[in-house]
Amino acid sequence: MKRRFIVTTALAGALALGAGIAGAETPPLAQKERYKVGFSQMESNNPWRIAETKSFHDTAESCNWDLIATDAAGSAAKQVADVDSMIAQGIDVLFLPPREEKPLLPAVMKAKAAGIPVFLVDRSVDPNVAKAGEHFVAFLGSDFIDQGKRAAEWLIENFDGDKGVIVELEGTTGSSPANDRKKGFDDRIAEDDRFEIVASQTGDFARDLGRQVMETLLQAHPDVNVVYAHNDEMAIGAIQALELAGRKPGEDVTIVSIDGTRDALQAIIDGKMGVTVESSPFFGPLACEVMNKYAAGEEIPGWVQVEDRIFTQENAADHIDEAY
Amino acid sequence: MSMASTVCSQFRFDPARHGALAALVVILCFNLIVTPNFLHTQTLFVNISQVATIAIVAMGMTIVIATGGIDLSVGAIMALSGALAPLIFLSPFGLANPGLGLAAAIIIPILAALCCGIFNGVMVSYFNVQPIVATLIFFISGRGLAQVLTNGNLQTISNPSFSYLGTGKILGLPFQGWLVLAIALVLWWLVTRSMFGRQLLAVGGNERAARLSGIPVERVKIGAYVICAGLSGLAGLIVVAINSASDAARIGSLMELDAIAAAVVGGTLLQGGRAPIFGAILGAVIIQLVKYTLLANGVADEVALIAKAAIIIGAVYLQQGRRD
């Protein structure tokens, strides 16, 4: 294992060096009728990832892509191998959601060395080694810090009580969405004296764990009246925990969340959840647009930000049919 | 005075039996002093509903370990039965006949689990495969199968009758708590009073001697794995019922470790020959309370894993002392 790590690191370093010598520009993309496009998904174990993959498949038709899509089933090593095989199949362009920041560096470097422009989707790679406009064209994704901040702002505006006692359900420990959504929310909420975060524990982005953690924290802090969950699945779990304990989510406890899944929109319509800040998985159309611009020789910013909407009682019913 | 000293000498004499009870008392006292709002009926409900699935699987595990075996496939079987249930009552048949669909959604997944148990048992008894290897087959493939069945999609359901399995109450206590009690009484009778129980302990105590004395060793072993798998299937249904959602990737994940830990803490010897059913429940309760205590006092979930390991080491140490 250790030896493999050293070899991988050395390889990444060598490739980075090689790429550096080869040129600081990303490979150009010729304008043509049809493109052979690679999309290397990291895993398909949650509704969000499934919706993302589907979005690419749906876009393939309208954007004239011959799409090669793979699923690495949660393994960074397999994702690197998937990219290798796509390079061998002669793709014109690669869309890659890198599962982890460092292990996927070789995939980015190899694609560049093979003259294939790379677009990172929804997660990025180690910014100290790989740079936008040099090793990959751009990163397409949401601003997770901003998502947390917007959730906090909605809460500050819409909370009528004198004192907000907040329980925070965090995502997978150490993952970038969990870190950033926490930072964005905590920093903004600290500016308002009415609020206090009494407990912040991980629910691993999962409904079952979110429910169990909420049940426990509710016992330890019965005065809680706000729950902030880093994703909708945990928020739904928290709603179940509150209902089992005889509380009324939406009335005596305000639920604030991020993602915009179908269940969450339904909970908002039912009056149980206050707000969910969208974190859109529908990257296909944006990918098509950015790729065509790049082929036309336009300047692409290093970070193409996704416009995330915000769903509340006012608009949830209008969007539930398109939710995943 | 003499009574007190007898009690004391008993404690020193049989640490394996009283160690777990003493640990429970210590944890309870600690919680009463430190954890806010611990002495509250809602705390009891929360802990009963959270411990039920571990206790149910741990009892099955105890039966398997009593034969000198081990079952690593319990978590995967939970995932399989948990994935099957929503598929059945969301199918056209289930929607057309709600009553029949509900019955099928409970019976068919448990039947599927029992089949997995037969497979495990046959592999272990007739093909002489090591139990760890034999059950590793479903440990790997069971969850895969569940994910293939559901395309890895999270299935959300809303069926109040099915949810009763996870959220119903009888005499104010959670339904699954009563279920644990009923299963425990049946298994306790089976182990201590029935022919099967005697044969089970004989096979675990000395398989050669049991075979020579005419006990149908193969059938007894298959019976043990079938019971364990059936209980795992039931636990999978409970998890789905509590959450109103089935996530094949997460149901029962790491359950095999929790169940083995609970059985060991409850006084089951890994080399077989003992099946303390109520001990398994005690072990499950201790593990649950430790998790609850750490969480309610703001200690991160990851630390709970370390604490769990410490408890297992303690339990094994006490068992070693007992054998000397």
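Modeller: In chain A, α5 (144-158), β6 (164-170), β7 (195-202), β8 (226-229) and β9 (254-259) are the elements against which the buried residues of α6(A) pack. This is a predicted model: local features need pLDDT of at least 70, side-chain atom pairs count only at pLDDT 80 or more, and totals for chains, interfaces and linings use all residues. Residues are numbered from 1 along each chain as its sequence is written, while chains are lettered from A and ligands numbered from 1 in the order in which they are written.

Helices (H or I, at least four residues) and strands (E, at least two) are DSSP runs, numbered from the N terminus. Packing rests on contacts, that is, C-beta atoms, placed from the backbone, within 7 Å of each other. A residue is buried if 20 or more other C-beta atoms lie within 10 Å of its own, exposed if 12 or fewer, and partly exposed in between.

The buried residues in α6(A) are A:P177, A:A178, A:D180, A:R181, A:K182, A:G184, A:F185 and A:I189. The helix covers residues 176-189 of chain A, and because each of its 14 residues counts for 1.5 Å, it should span 20 Å; its end C-alpha atoms are 20 Å apart, which agrees. That expected span is 1.5 Å times one less than the number of residues.

Of its 324 residues, 50% count as buried. Among contacts in chain A with a separation of 6 or more, 75% join residues 24 or more positions apart.

How values were computed. Two residues are in contact if their C-beta atoms, placed from the backbone, lie within 7 Å.
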